Amino acid sequence: MAPSLSRVEAVMNLLGDPQRSVPIIQVAGTNGKGSTAIMIDALLRASGLRVGRFASPHLSDVRERIVIDGEPVSEERFDEVWEEIRPFVEMVDGQKLDGVELTFFEVITAMAYAAFADAPVDVAVVEVGLGGRWDATSVVEPKVSVVCPIGLDHTHILGDTIAEVAAEKAGIIKEGSVAVLSGQDPAAAPILLARAVEVGAEVKAEGPDFSVLERQVAVGGQLLRLDTTGGPVADVFLPLFGGHMARNAALAVAAVEAFLGGKPLSHEIITEGLAAVEAPARLELVKTSPAIVLDTAHNVQAARATIDAATESFAFTPMIGVVAMMADKDSTAVLQIFAEQMDEVVITRTANSPRARSVDDLAAEAEDIWPRGKVHRADRMADAIDMAASLADAAGTHAGVLIAGSVIAAGEARDLLVQESDEESSAPSEREGDDE
């Protein structure tokens, strides 16, 4: 990786700048980008628009990154787009701009913009991969710049403080855009607002401009009352769990209203769009008897949101954890949060990443946090799931399993638990440059 947009800009220029043919809603932040982008997508489609969505990272199949009309592009179309841009990628690689070739993430970003322009779509919702200022997706001038909550992650790249991370993510706020900002850490908010003032961007902020007024747990999700441009909207069912998802829903509504020039969304569009949301591996109940829930939480901020939401929505007694993490994460802090509610934990690792933390290292750390005898080890995700399910079965009907700690691990577990019976097999692929 090199902090530059020169390579992806060169490819886009050779392609005729397809990213400029589609209005863009760009979504950045440390946590909540994926689910917020999914909700924005659903609301736009409920409004009658054709939508492209670029997601990062994917859970199981690389085609999940390029979504049109709510569905990943077909294998045939994915191959066609790659063949269309391949000669231009090879031309740029030959130039060795900044001394490196295009990364996987830069190539897949270029493919997405090309696919959206060719479809064509009415609007593209683009999730930042890493940071913001130098992210490959930032070769655009977004109409709406959405910033989800900012925390510490990827500190070796983005900086050691909230302010430094915020400065990188603020890079998506550009002249002519509307900055739609979730509630932020006190160290991040001034950085984002200063950037908006610098470029003359209008600001819509959680609190004064939109918010969650009320929420209550419901079967299969939660029932919300949201404050929107058009005033309070009640009886909004969201099939996702936790206060953080409710806030993401309010953020998504505000982003779509900003895209529509401040025009309020009707109650019907809000309820229809949010009720149709599907967000895999975001506290997703994938199995019953025993209950098994998946989540992508992989940093401190996400771990707190996930464990609080799981406790509120599922109330497993006991809760058995399955945890796998990447080596570059603050594993001690994450495990300490998980240990507040996970009565026992099975430590494992994903087979799909060279960055995976070893079972022995992570388990040794966990043994300093959980009581003696409550930490178990399994070298493979499949074995870890079987072990956790057996522990839950033995504990009684109210027990359940929560699998978390890594986006890649959640995808691997989901393949085992959800997609093993699917007719189509998943395509393995790299996940370089993703914001895990």
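The structure is a predicted model.

Helix H11 spans residues 331-338. Of its 8 residues, 6 are buried, so the helix is largely enclosed by the rest of the structure. The buried positions are Ser331, Ala333, Val334, Leu335, Ile337 and Phe338. Their packing partners include two helices, H10 (300-313) and H12 (359-367). Three strands also contact these buried residues: E14 (319-323), E15 (342-347) and E17 (400-404).

Helix H12 buries Val359, Leu362, Ala363, Glu365 and Ala366. Viewed down the helix axis, these residues fall within an arc of 160°, so they line one face of H12. Such a pattern can be read against helix geometry. An α-helix has 3.6 residues a turn, so residues three or four places apart point the same way. The buried residues of H12 pack against H11.

An open sheet is built from 3 strands in the order E9-E10-E11, with antiparallel pairing. Strands E9 (211-218) and E11 (231-238) stand at the edges. Each has a single partner strand, so one side of each lacks a neighbour in the sheet. From one strand to the next, the twist averages 15°. Strand E10 comprises residues 221-228 and is joined to E9 by 7 bridges. These two strands run antiparallel. Ala218 stands opposite Gly221 of E10. Helix H9 (residues 267-275) lies across E10 and E11. Its direction makes an angle of about 25° with E11.

The largest nonpolar core holds 43 residues. The members that touch the most other members are Ile25, Met39, Ile40, Leu44, Val146, Val180 and Leu274. Helix H8 (residues 243-259) supplies the largest share of this core, 12 residues. Met39 illustrates the contacts made by one of these core members. Leaving aside residues up to four places away in sequence, Met39 touches Leu238, Leu240, Met245, Asn248, Ala249, Ala252, Leu274 and Val277.

Technical notes. Residues numbered from 1 in each chain as written. Predicted model: local features only at pLDDT ≥ 70, side-chain atom pairs only at ≥ 80, totals over all residues. Heavy atoms only, no water. Buried < 20%, exposed > 50% of the residue type's maximum accessible area, 1.4 Å probe, protein only. Helix = DSSP H or I, 4+ residues; strand = E, 2+ residues; numbered from the N terminus. Contact = heavy atoms within 4.5 Å. Pairing = 2+ DSSP bridges. Axes fitted to C-alpha atoms, helices over the stretch in contact; angles between N-to-C directions. Arc of directions from axis to C-beta. Core = buried A, V, L, I, M, F, W, Y, C linked by side-chain atoms within 4.5 Å.
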